[in-house]
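Let's take a friendly walk through a protein model, going from its domains to its ligand and then to its charged pairs.

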Amino acid sequence: MTPGSKTVSETPFDDLAMAVSCHEPLSHHTWLGIGGTAAFFCEPVDVEALGRLVKRCHERGVPLRVIGGGSNILVPASGFPGMVVRLSAPAFSAIDVQRPAILAGAGAKLVHLVSAAVQAGLSGLETLVGVPGTVGGALVGNAEGHGGDIGGRVRVVRIMLPSGVVEERSGARLAFRSRWSNLDDGIVIGCRLELDEENPAQLTKRMQKEWIVERAEQPSGTRSVAMMFKDPLGTTAESLVAQAGARDLRVGEATVYAAHANYVVAHPGCSSDDVRGLVEAVRARVRERLGVELTPQIEMW
Ligand SMILES: Cc1cc2nc3c(=O)[nH]c(=O)nc-3n(C[C@H](O)[C@H](O)[C@H](O)COP(=O)(O)OP(=O)(O)OC[C@H]3O[C@@H](n4cnc5c(N)ncnc54)[C@H](O)[C@@H]3O)c2cc1C
C-alpha cells in the first residue's frame, strides 16, 4: 500500500481479524434445511472475539441474531439482512460437571448436556431427552419435556449485552415461564444448572422410558418436521388442530404431520413460504372453527 492510500473496507468487520462470511446460506444451519442467506455470518472463536463482533454490530447499526441448532427458526427466502452468529467454537460448548451442578456453554448440544447429566448420576434434565437444538436455544425458549423445563434447573446465566459487556444473572433477574424466558436482550453464553443426585443406573432407565414416550409422541430425529404452535393453557395445540379438522391442510410442499398434528412436514422442494403459509392456514382454521388463537412456536425471521 502506498503512503496515504486508504484501504477500502468492504464490510463493517474487515479490521476485526475474524472470519466473517457474506451471503451465507442459512439453509445450512436450520433444522428444516430451508431459508435464504445471511448478509454476514460468523462463528467467533471465543468470548473476547464475540464481544468485539457484537460491539461492532451495535456501533454500526447492523442487526444481529444468534442461531443455535436452528430447530425453532423459519428463515424467509429473502434471508436476514444483518449478522448471524453461531456459537459453534469449542469455547462455547464445554460441559463441566461440578456436582450437583453442571456448567454448560450455550453452544453445546442439548442432547450432550442431558447425557452428561445422566451419566454423572444427576437428575433434572432427563425430561428434555429428544428436544433438538443447543443449550442457548433451550434457555432462551425455556425448552420443556414431559413434566419439566430447563428453566427450573437454571441458577445462573452468563449473557453478553449489545455493548459487548458480559453479565451474570441469577435469582430474581431470571424469569422462565412456559416456552418463554426473559433472556431476549443479549447473547446467552452459558449457564449453571443445579441438579439432584440419583443412582446413575436408575436414572438411565428413567431417561430411556422418557425417550420411548417422547419417540412415540413426537417425530424426533427427522429433519423434515418442525413444531408449529405452543400448547395453550390446559390443552394441547395438537388436539385443537385435530378438532378443527386442519390435519389435511397443505400449502405447496408443506403438510401437517400425520402422526402428530402440531408438526409441519417440509417435503422435498418445500420453501419457507410454504411452511409459513401452512402455519397461518392451520391457525386460521383453528380460530374460525374453535375461536382459539394459537401462538406459533416456530420463530419467523
Ligand atoms: C422435531 C422437533 C421436536 C421438538 N420438540 C420440542 C420439545 O419437546 N420441547 C420444546 O421445548 N421444544 C421442542 N422443539 C422446538 C426446539 O427444538 C426448541 O425450541 C429448542 O430449544 C430450540 O433450540 P435451538 O438451539 O435449535 O434454537 P434456534 O432454533 O437456533 O433458536 C431459537 C431462538 O433462540 C435464540 N437463540 C439461540 N441460541 C441463543 C443464544 N446463545 N443466545 C441468545 N439467543 C439464542 C435464537 O436467536 C432464536 O430466537 C422441537 C423442535 C423440533 C424440530
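Start with two parts of the chain: the C-alpha centres of domain 1 and domain 2 lie 23 Å apart. Where are these domains in the sequence? The domain assignment places domain 1 at 17-85, domain 2 at 93-216 and domain 3 at 224-300, with bounds that come from an automatic or database domain assignment. Keep in mind that this is a predicted model, in which local features need pLDDT of at least 70 and side-chain atom pairs count only at pLDDT 80 or more, while totals for chains, interfaces and linings use all residues. Residues are numbered from 1 along each chain as its sequence is written, and side-chain values use heavy atoms, with hydrogens and water left out.

The size of an interface is often given as the accessible area lost when the parts come together. Here the two domains bury about 890 Å² between them, 82% of it on carbon and sulfur atoms; buried area is the accessible area (1.4 Å probe) that two parts lose on being put together, summed over both. On the side of domain 1 that touches domain 2, the elements giving two or more residues are α1 (47-60) and β3 (64-66). Helices (H or I, at least four residues) and strands (E, at least two) are DSSP runs, numbered from the N terminus. The largest share of that side, 6 residues, comes from α1.

How many salt bridges are there between domain 1 and domain 2? The count is 0, where a salt bridge is a side-chain nitrogen of Lys or Arg within 4 Å of a carboxyl oxygen of Asp or Glu.

Next, find the ligand. Of the 34 residues around the ligand, V66, G68, S71, T134 and E299 come nearest; a residue counts as near if one of its heavy atoms lies within 4 Å of the molecule. A polar backbone atom of V66 is 2.6 Å from an oxygen atom of the ligand. For E144, a polar backbone atom is 2.7 Å from a nitrogen atom of the ligand. R179 uses a polar side-chain atom, which lies 2.9 Å from a ligand oxygen atom.

Finally, return to salt bridges: the rule counts 18 of them. One is formed by the side chains of E197 and R99 (2.8 Å, N to O). This pair links distant parts of the chain, 98 residues apart: E197 is in strand β16 (residues 196-197), and R99 is in the loop between β6 (95-98) and β7 (101-105).

Terms used
Polar contact = N/O pair within 3.5 Å; in protein donor to acceptor, adjacent residues only side chain to side chain.
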